[in-house]
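Me: Could you walk me through the side-chain contacts in this one? I'd like the charged pairs and then the rings.

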Amino acid sequence: MASSLRTPDSPPRLGRAPSYIHFTPRRAMASFENLVVLANYEEHLREARKVVWRDRGEKPVEVLDLGECFEHACRGGLRAGSLAFAIRSGVNFILLLTRIKRIPKRFRLSLIRHALFGEDSWRFAAMLASFVGLYKFILNALPILLPQPQPKETTHARARSLFRASLSGGASKAAVDSPFDDETLEDAELRVPQRRQSSRQARLSASAQAHQLWVRKRTRWWYSAFAGALSGAIAITFEKRSRRAGIAQQMFVRGLQGTFNAMSDKHGFKIPHGDVIVFTLCCGQIMYAFLMRPDTLPPSYNRWIQVASKVPEEAIRINLSLVRDGYFNPDDMERLLKYPGITPSNYASLVDRLSRARLPEGLRTYGPPIIPCEAVHPDIDSCITVQAAHFWEVFRWMLPIYGALHLIPMMLFRRRAFLERPAHMLFRTALGTARSSAFLGVFVIIYQMYFCMKHNLYHKLMALRAVPDGSAASRSFLAALAQRLPPQWIKLLISKQSFFIGGLLSGLSLFVEEKRRREELAMYVLPKGMESAWVMARGKGWVFGMGRYGDALLTAIGMGMVMSTYQNDPQHLSGLVRRILYQFVGPN
């Protein structure tokens with residue numbers, strides 16, 4: 001009886017198993033250790049991902065002495081070199097895959113090995129690794145060796161801080177997003193009236209603003225310019241000599257772009273459609289060089305223009321010889337007669353001109369010093385119908401190329417937007433591809449229409465000058481114009497300078513392209529136009545040559561401007577350049 005009694009201290013016995021999971025202390029400890037291991041694993045994954053892709057808004061690294069500065073530079077250089085090697089090898093491998101079917105099997109393995117581990121990849125990696133490492137070391141060492149003096153707070157400095165607070169958007173922004181200093185939050189409490197930001201300040205993303213706090217506190221404007229110039233001059237020497245000129249030119253024009261944007265924003269002036277103006281001037285120079293001075297352009301660029309023009313290569317050589325020397329090589333005309341799909345009318349016209357060029361010395365004539373339209377488009381008789389045909393050929397030819405140029409940046413830089421709205425992003429990509437392809441097609445038909453029009457007009461005016469007065473043909477407007485114009489003015493239609501005007505007109509096709517891409521296209525053709533103009537001016541003795549160190553000097557000037565703008569006013573660089581620099585260089 002007593003055994004059946006329960007003391008108040010003993011718990012009652014449960015009639016069923018508990019409905020909750022009971023953990024023993026050992027299991028609880030094991031679960032906690034698993035969570036720690038999982039957290040460490042995710043942290044390691046994030047650190048490994050940073051080696052390949054830098055997160056937005058990364059804070060600058062604070063270095064306190066030269067030892068830490070050297071370690072920081074080595075880490076950055078090693079990361080940039082590894083990333084550059086992977087990118088260059090990947091691009092080489094993809095380009096090889098596009099033509100590997102045409103390569104004999106016994107050569108494929110060696111070509112794949114060269115694409116992945118060839119000299120080009122190592123040189124590219126060494127160039128970027130040395131640039132990033134040297135730039136980081138110099139930029140972070142200068143504030144240690146030459147510290148910036150801290151001025152006393154004055155009324156003018158206080159007013160400038162208030163102005164900075166107004167630009168930063170008030171106290172609602174976090175300190176890491178502010179491109180200024182720690183006084184922003186304190187001064188913003190005074191409710192300084194907001195100033196409307198300019199368009200370029202509004203384009204400054206969080207990733208570009210992240211390092212501005214460090215810049216304003218620790219550096220002077222010339223630190224980044226000096227570091228960029230010295231690093232660029234040394235890094236360019238790792239590339240092949242044949243590639244240095246192209247890299248130097250591209251860096252120089254990017255530096256000009258950022259510097260001009262910064263100056264125009266500072267002084268409050270803007271050139272309407274400046275990108276189109278630059279593009280048209282460069283196209284005038286490039287098209288003149290392509291037809292009259294092909295030696296001033298790279299051979300690969302000449303071949304690309306010739307393929308895009310859909311004009312036979314023999315016709316380009318005949319035009320150059322006729323305009324410059326007054327004769328042409330009959331062998332080029334014979335090859336042109338074998339052009340696939342040549343029409344009977346065009347064939348007869350070209351045969352007649354070739355037969356007169358093969359007459360004996362006293363009777364030989366090469367005709368007017370211009371190429372006939374039958375040689376420019378031998379497969380189509382009409383100078384009007386050929387424009388529609390060539391537009392479609394160029395549009396179809398550029399469609400896959402521009403499709404890749406629109407799709408790849410979207411996948412790299414706008415992955416989140418693509419995953420959220422794939423149909424919308426693909427539609428925008430397709431629309432941008434169509435506009436870009438149409439832009440080049442319009443460029444081609446504008447120039448060819450101008451080319452045929454000026455030559456036909458020249459023939460018409462010269463023929464009307466021979467019409468006797470009083471005849472029915474002499475009463476037309478063109479006949480009166482032909483009689484009154486001096487012959488020298490009519491010959492301007494077939495002069496060398498007329499090819500430059502055609503390039504200017506073709507440059508207006510840039511209005512077909514999307515506005516945000518116009519500046520990039522202008523920056524693409526600017527180095528080619530400047531190089532061609534420089535070579536021509538040097539041939540006339542107007543400018544001097546820069547010798548064997550010209551590429552390094554041009555790279556130093558260009559990278560000095562680029563890195564000064566990137567470090568102090570990154571919003572003035574194009575979005576593509578700013579993102580590339582941020583991934584390779586980072587905040588500091």
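Me: Is D120 buried or exposed?

Reply: D120 is buried, with a relative accessible area of 13%, where buried means under 20% relative accessible area, exposed over 50% and partly exposed in between, using a 1.4 Å probe and protein chains only. This is a predicted model, in which local features need pLDDT of at least 70 and side-chain atom pairs count only at pLDDT 80 or more, while totals for chains, interfaces and linings use all residues. Residues are numbered from 1 along each chain as its sequence is written, and side-chain values use heavy atoms, with hydrogens and water left out.

Me: What does the side chain of D120 meet in a salt bridge?

Reply: The partner is K240, at 3.2 Å from N to O; a salt bridge here is a side-chain nitrogen of Lys or Arg within 4 Å of a carboxyl oxygen of Asp or Glu. Because D120 lies in helix α4 and K240 in the loop between α10 (221-235) and α11 (241-267), the pair ties together parts that are 120 residues apart in sequence. Helices are DSSP runs of H or I with at least four residues, strands are runs of E with at least two, and both are numbered from the N terminus. K240 itself is partly exposed, with a relative accessible area of 28%.

Me: Which residues are linked with D120 in a network of salt bridges?

Reply: The network links D120 and K240 with R88, E239 and R243.

Me: And how many salt bridges does a search of the whole structure find?

Reply: The search finds 16. One of them joins E119 and R123, with 2.7 Å from N to O, and both of these residues lie in helix α4 (residues 119-145), four residues apart, about one turn of the helix. E119 is partly exposed at 41% relative accessible area, and R123 also counts as partly exposed, at 26%.

Me: What about R364, which residue does it form a salt bridge with?

Reply: R364 forms a salt bridge with E361, and the closest N and O atoms are 3.5 Å apart. R364 is partly exposed at 34% relative accessible area, whereas E361 counts as exposed at 64%.

Me: Switching to rings: how many aromatic pairs are there across the whole structure?

Reply: A search of the whole structure finds 15 aromatic pairs, where rings of Phe, Tyr and Trp (its six-membered ring) pair if their centres lie within 6.5 Å, and planes under 30 degrees apart count as stacked, over 60 as edge-to-face and the rest as tilted. Among them, F131 and Y135 have ring centres 6.0 Å apart and planes at 15 degrees, so this pair is stacked. F131 and Y135 are four residues apart in helix α4, about one helical turn, and both are buried.

Me: How far apart are the ring centres of W392 and F395?

Reply: Their centres are 5.9 Å apart and their planes are at 20 degrees, so W392 and F395 are stacked. These two residues are three apart in helix α18 (residues 385-413), about one helical turn; W392 is partly exposed at 48% relative accessible area, while F395 is buried at 16%.

Me: Which residues do ring pairs link into a cluster?

Reply: Ring pairs link F85, F117 and W122 into a cluster.

Me: Last topic: which ring does the charged end of K310 sit over?

Reply: The charged end of K310 sits over the ring of W397, 4.7 Å from its centre, given that a charge sits over a ring if NZ of Lys or CZ of Arg is within 6 Å of the ring centre and within 35 degrees of the ring normal. The charged end of K528 sits over the ring of Y301, at 5.3 Å from the centre of that ring.
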